[in-house]
Amino acid sequence: YTAAAYTLDAPYAMESASAPPPPTPESLRRCLWCLTSPPNAGSLALSESALLSWESSAPSAYAFALVEMSGSDPEGAVRLAASLCLKQCIVRRWRHRGRRSDGDAGGFLDDATRAHVRSHALRHGSSGAGSTAEQKAARSLLARVVRNDATTSGRVLSPDELAHLLGSG
């Protein structure tokens, strides 16, 4: 992968002025890359808009894609951006907390996605792999998952999860 592969070219920018591109792995990767090194301010704004649009329209699919990207993309900058976007997604979409008047549960992560994110956070939050920034982002993600679980459902880490996290499992 090269930086040139992720830049937003003129045709994309023109069609994106009205609506974000469809959420594909490549368009997600392109937007994440633009967050780390935007070719111009317009591209950064378009990338942020597309990411927020995907998050609000299909939060579980978006979070699942970010988990995959943060764990497997060959570019460290893209993995870091995916981890940071995932953290913000779970801040906003982990569970319905009664704050919205519409009561729409479709705007929040489903149980399977929360379990997938939790598993990813436990694996990567305690692995020590990646750059220092990636390690900090992974630990921050893990802390957010644990905090959200404890405050929204009373769930705490199981003994096996805790042993894994502390390195004895």
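Helices (H or I, at least four residues) and strands (E, at least two) are taken as DSSP runs and numbered from the N terminus. The structure is a predicted model, in which local features need pLDDT of at least 70, side-chain atom pairs count only at pLDDT 80 or more, and totals for chains, interfaces and linings use all residues. Residues are numbered from 1 along each chain as its sequence is written, and side-chain values use heavy atoms, with hydrogens and water left out.

The protein has 9 helices and 0 strands, and its elements from the N terminus on follow the order α-α-α-α-α-α-α-α-α. Of its 169 residues, 36% count as buried, where buried means under 20% relative accessible area, exposed over 50%, and partly exposed in between (1.4 Å probe, protein chains only). The protein exposes about 8600 Å², of which carbon and sulfur atoms supply 57%; accessible areas come from the Shrake-Rupley method with a 1.4 Å probe, and for residues only the protein chains shown count as cover. Among contacts (heavy atoms within 4.5 Å) with a separation of 6 or more, 62% are accounted for by residues 24 or more positions apart.

Helix α4 comprises residues 41-57. Its 17 residues reach 24 Å from the first C-alpha to the last, close to the 24 Å expected at 1.5 Å a residue; the expected span is 1.5 Å times one less than the number of residues. Ser43, Leu46, Ser47, Ala50, Leu51, Trp54 and Glu55 are buried in α4. They cover an arc of only 165° around the axis, which puts them on the same side of α4; the arc is that of the directions from the helix axis to the C-beta atoms. An α-helix has 3.6 residues a turn, so residues three or four places apart point the same way. The N-terminal end of α4 is capped by asparagine 40, a side-chain oxygen of which lies 3.0 Å from the backbone nitrogen of glycine 42.

Glutamate 55, found in α4, is buried with a relative accessible area of 2%. Not counting residues up to four places away in sequence, glutamate 55 touches Tyr62, Cys89, Arg92 and Arg93. Its side chain makes a polar contact with the side chain of arginine 92 at 2.8 Å; a polar contact is a pair of N or O atoms within 3.5 Å, where, within protein, one must be able to donate a hydrogen and the other to accept it, and residues adjacent in sequence count only if both atoms are side-chain atoms. A polar contact of 3.1 Å also joins the side chains of glutamate 55 and arginine 93. Arginine 93 is placed in helix α6 and counts as buried at 13% relative accessibility.

The C-alpha atoms of glycine 76 and alanine 133 are 57 residues apart along the chain and separated by 9.5 Å.

The structure holds 0 disulfides, a disulfide being a pair of cysteine sulfur atoms within 2.5 Å. The sulfur of cysteine 34 is 6.6 Å from the closest cysteine sulfur, in cysteine 31, too far for a bond. Cysteine 31 and cysteine 34 are among the buried residues of α3, and cysteine 34 has 0% relative accessibility. Cysteine 89 is likewise buried, at 0% relative accessibility, and its sulfur is 9.0 Å from the closest cysteine sulfur, in cysteine 85, too far for a bond.
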